[in-house]
Amino acid sequence: MSLGPAGASLNPDQAENFEDMEKQFAVKAVQHMTTYWAILEKMKGSQLRLTKMDDEIYEHFKKDFPEFDPTETINEDTMKSKEGKERWRNFMMAYEKKIDDFNFGTMLRANPKFEYGEKETIFAMRMQFYAIEIARNRQGLNDWIYEQAHTT
């Protein structure tokens, strides 16, 4: 949805109900989060492909973010700093016409060692989720979820 050019006034008679939009977003984000977790419980992450472009995304991510360590907790402040936003924006725009909902908001675990939770989850864009989770899956960092689900 576009609100018009920057600085333009918003006509309240033509604006959609933003509260409803936020609720719809929250529902979609939670659905995505629970679906991904359910998949990880049924299949080892190291055997999972999230997109048809996993290899390309992974190589691009390693090239653009060589310092990223998938085993560590994500520093949300660094990720969302002015410089961080610019780096991620440049990375994500390469997928604008290649990945559906590439810039849709989603939930991302800050650390692969923990389940989703209030303090362990951050808001991210879909391409950030794909890049980080593909890297985690390639290193087998999400396999514990499958193993945990199959030991009880």
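Modeller: The questions below go through the labels one at a time, and the model they concern is a predicted one.

Biologist: What makes up the secondary structure of the protein chain?

Modeller: The chain has six helices and two strands. Along the sequence they follow the pattern α-α-α-α-β-β-α-α.

Biologist: Why is His 60 called buried?

Modeller: Its relative accessibility is 16%. Buried means under 20%, so His 60 counts as buried. The residue is found in helix α2, where Asp 54, Ile 57, Tyr 58 and Phe 61 are buried as well. Among what covers the buried residues of α2 are α4 and α5.

Biologist: What makes the pairing of His 60 with Tyr 95 a polar contact?

Modeller: The distance between the two side chains in that contact is 2.7 Å. The limit for a pair of N or O atoms is 3.5 Å, with one able to donate a hydrogen and the other to accept it, and the pair is therefore listed as a polar contact. Leaving out residues up to four places away in sequence, His 60 touches Phe 91, Ala 94 and Tyr 95.

Biologist: Which residues of the largest nonpolar core touch the most other members?

Modeller: They are Ile 57, Phe 91 and Met 127, in a core of 31 residues. At least two residues of this core come from each of α1 (18-42), α2 (54-64), α4 (82-93), β2 (121-125) and α5 (126-138). The element that gives the most is α5, with seven residues.

Biologist: Which residues are in contact with Phe 91, leaving aside its neighbours within four places in sequence?

Modeller: Phe 91 is in contact with Ile 57, His 60, Phe 61, Asp 64, Phe 65, Met 127 and Ala 131.

Biologist: Why is Lys 113 called exposed, while Asp 101 is called partly exposed?

Modeller: Exposed means over 50%, and partly exposed lies between that and the 20% limit for buried. Lys 113 has 52% relative accessibility, so it counts as exposed. Asp 101 has 46%, so it counts as partly exposed. Lys 113 is in the loop between β1 (105-109) and β2, and Asp 101 is in the loop between α4 and β1. Phi of Asp 101 is near 55°, a positive value in a residue other than glycine.

Biologist: Which residues does Lys 113 contact, apart from its neighbours within four places in sequence?

Modeller: Lys 113 is in contact with Thr 71 and Trp 144. A polar atom of the Lys 113 side chain lies 3.0 Å from the backbone oxygen of Thr 71. Between Lys 113 and Thr 73 the C-alpha distance is 8.9 Å, although they are 40 residues apart in sequence.

Biologist: What lines the largest pocket?

Modeller: The pocket has a volume of about 310 Å³. Its lining has 16 residues, and the closest to its centre are Glu 67, Phe 68, Asn 75, Thr 78 and Met 79. The elements giving two or more residues to the lining are α3 (76-79) and α4, and α4 gives the most, with four.

Biologist: How do the residues of this lining divide into nonpolar, polar and charged?

Modeller: Six are nonpolar, five are polar and five are charged.

How values were computed
Residues are numbered from 1 along each chain as its sequence is written. This is a predicted model: local features need pLDDT of at least 70, side-chain atom pairs count only at pLDDT 80 or more; totals for chains, interfaces and linings use all residues. Side-chain values use heavy atoms; hydrogens and water are left out. A nonpolar core is a set of buried Ala, Val, Leu, Ile, Met, Phe, Trp, Tyr and Cys residues joined through side-chain atoms within 4.5 Å. Buried means under 20% relative accessible area, exposed over 50%, partly exposed in between (1.4 Å probe, protein chains only). Contact means heavy atoms within 4.5 Å. On a 1 Å grid over the protein atoms alone, a cavity is a set of points where a 1.4 Å probe fits but cannot get out, and a pocket is an open set with protein on both sides within 12 Å along at least five of seven lines; lining residues have an atom within 4 Å of a point. Grid points are joined across faces, edges and corners, and a volume is the space filled by probe spheres set on the points. Ala, Val, Leu, Ile, Met, Phe, Trp, Tyr, Cys and Pro count as nonpolar, Asp, Glu, Lys and Arg as charged, and the others, Gly among them, as polar.
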